[in-house]
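Have a look at the structure first, then read on.

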Amino acid sequence: MSPSKSVILVTGGSGLVGQAIHWVVENDPKYGKREGEEWVFLTSKDGNLIDPAATKAIFEKYRPTHVIHLAAKVGGLFGNMAANLDYFRDNLLINDNILHNAKEFGVQKVVSCLSTCIFPDKTTYPIDETMVHHGPPHDSNFGYSHSKRMVDVMNRAYNEQFGCNFTSVIPTNVFGPHDNFHLVNSHVIPGLIHKCYLAQQNGTPFVMAGTGRPLRQFIYSRDLARLFVWTLREYKEITPLILSVPEEEEVSIKQVGDAIVKAMEYTGDYRFDTTKADGQYKKTASNKKLMTLNPDFKFTPFDVALDETVQWFKENVDTIRK
């Protein structure tokens, strides 16, 4: 990044990852704000990124030199299944508007956020960056998945045709403060934290669906935020980069439940309903490329990150998304 003044525009600034980047920029001694940097965190109130005119107006207002692009139309399993076209078109429009204006306004670098759902449904493990386009994604959210894949296609095309420095990252399962803790329309960790909290408040059992055996790689939102800042400043390639904890730090869903019970200090009945389906057993991703490029990065231990997330949930339970 240039030593002169930089304006870093973060789309989706009020979400889980945007809030984490905001926290890191303000608090982290290594990855925080540098002299000459101005960070702008957009929310939906700043303008509808599906609208080309609204997006252009944002770029005219802030004149960013760099963009971290997090904003997206997202939804749960059933929302995606019912409206794959909507998720495809809306996200395609958002991404096209951001990258087009970044090119038009001479933005020096864009880092867009993709998702592991872009990888082929039928694949081998561990997943790595070379496998993005090696087959169709899962049918349930093919619209959203393909719209995210197209970011990689556009990044390459903008680079080849105009020399633009547009790249992307692929995080694994993210959790942390400012997450959506809804009991149904949330990811596994925030949903279980809320469920355990209610069991504690109501004196009812904390029951987790399935056997607890499936494995997942979870990355703490503040670790991911540090890696976003590092990517913006240091990553030189156009091809996507997986941002994940190592394969050996996969944890089982039972380990997640155990850590939540411990952090919540829950002492009631805790069990698994094995009549419920487990879902996909594993989705292991390789972080070999990341650790080759950034070998000194230290991930927050899972139990520590989970405890910090639970404490934040308790402190903000009356105002958070749930």
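Two residues are in contact when they have heavy atoms within 4.5 Å of each other. With that in hand, take Ala209: leaving aside its neighbours within four places in sequence, Ala209 touches Asp273 and Lys276. A word on the ground rules: this is a predicted model, where local features need pLDDT of at least 70 and side-chain atom pairs count only at pLDDT 80 or more, while totals for chains, interfaces and linings use all residues. Residues are numbered from 1 along each chain as its sequence is written, and side-chain values use heavy atoms, with hydrogens and water left out.

**Ala209 and its surroundings**

- Ala209 sits in strand β7 (residues 206–209); strands here are DSSP runs of E with at least two residues, helices are runs of H or I with at least four, and both are numbered from the N terminus.
- Ala209 and Asp273 are 64 residues apart in sequence, yet 5.0 Å apart in space, C-alpha to C-alpha.
- At a relative accessible area of 48%, Ala209 is partly exposed; buried means under 20%, exposed over 50%, and partly exposed is in between, using a 1.4 Å probe and protein chains only.

**The nonpolar cores**

- A nonpolar core is a set of buried Ala, Val, Leu, Ile, Met, Phe, Trp, Tyr and Cys residues joined through side-chain atoms within 4.5 Å.
- The largest one has 32 residues, and those with the most contacts inside it are Ile21, Trp39, Ile68, Leu70 and Phe228.
- At least two residues of this core come from each of β1 (6–11), α1 (16–27), β2 (37–41), β4 (109–113), α7 (221–234) and β10 (241–243).
- Helix α7 gives the largest share of this core, seven residues.
- What does Leu70 contact, leaving aside its neighbours within four places in sequence? The list is Val10, Thr11, Gly12, Val17, Gly18, Ile21, Cys113 and Phe228.
- There's a second, separate core of 29 residues, with Phe175, Tyr220, Phe302 and Ala305 among them.

**Helix against helix**

- Axes are lines fitted to C-alpha atoms, for helices over the stretch in contact, and angles run from 0 to 180 degrees between N-to-C directions.
- Under 35 degrees counts as roughly parallel, over 145 as roughly antiparallel, 65 to 115 as roughly perpendicular, and the rest as oblique.
- The axes of α1 and α7 come within 8 Å and cross at roughly 70°, so the two are roughly perpendicular.
- On the α1 side, the contact uses Leu16, Val17, Ala20, Ile21, Trp23 and Val24, and α7 answers with Ser221, Arg222, Leu224, Ala225, Arg226 and Phe228.
- By class, the α1 and α7 contact has nine nonpolar, one polar and two charged residues; Ala, Val, Leu, Ile, Met, Phe, Trp, Tyr, Cys and Pro count as nonpolar, Asp, Glu, Lys and Arg as charged, and the others, Gly among them, as polar.
- Helix α6 (residues 188–202) packs on helix α10 (residues 302–315) at an angle of about 55°, with the axes 11 Å apart, which makes α6 oblique to α10.
- Ile189, Ile193, His194 and Tyr197 of α6 meet Phe302, Leu306, Thr309, Val310 and Phe313 of α10, giving seven nonpolar, two polar and no charged residues.
- For helix α2 (residues 52–62) and helix α4 (residues 84–104), the axes come within 10 Å and cross at roughly 40°, so this pair is oblique.

- His178, in the loop between β6 and α6, has a positive phi of about 70° although it is not a glycine, and at 28% relative accessibility it is partly exposed.
- Asp179 is in the loop between β6 (173–175) and α6 and is buried at 5% relative accessible area.
- Leaving aside its neighbours within four places in sequence, Asp179 contacts Leu16, Val174, Pro190 and Arg321.
- Glu265, in the loop between α8 (253–264) and β12 (270–273), also isn't a glycine but has a positive phi of about 55°; Glu265 is exposed, at 62%.
- A cis peptide bond joins Tyr125 and Pro126, with omega about 0°, and Pro126 lies in the loop between β4 and α5 (142–162).
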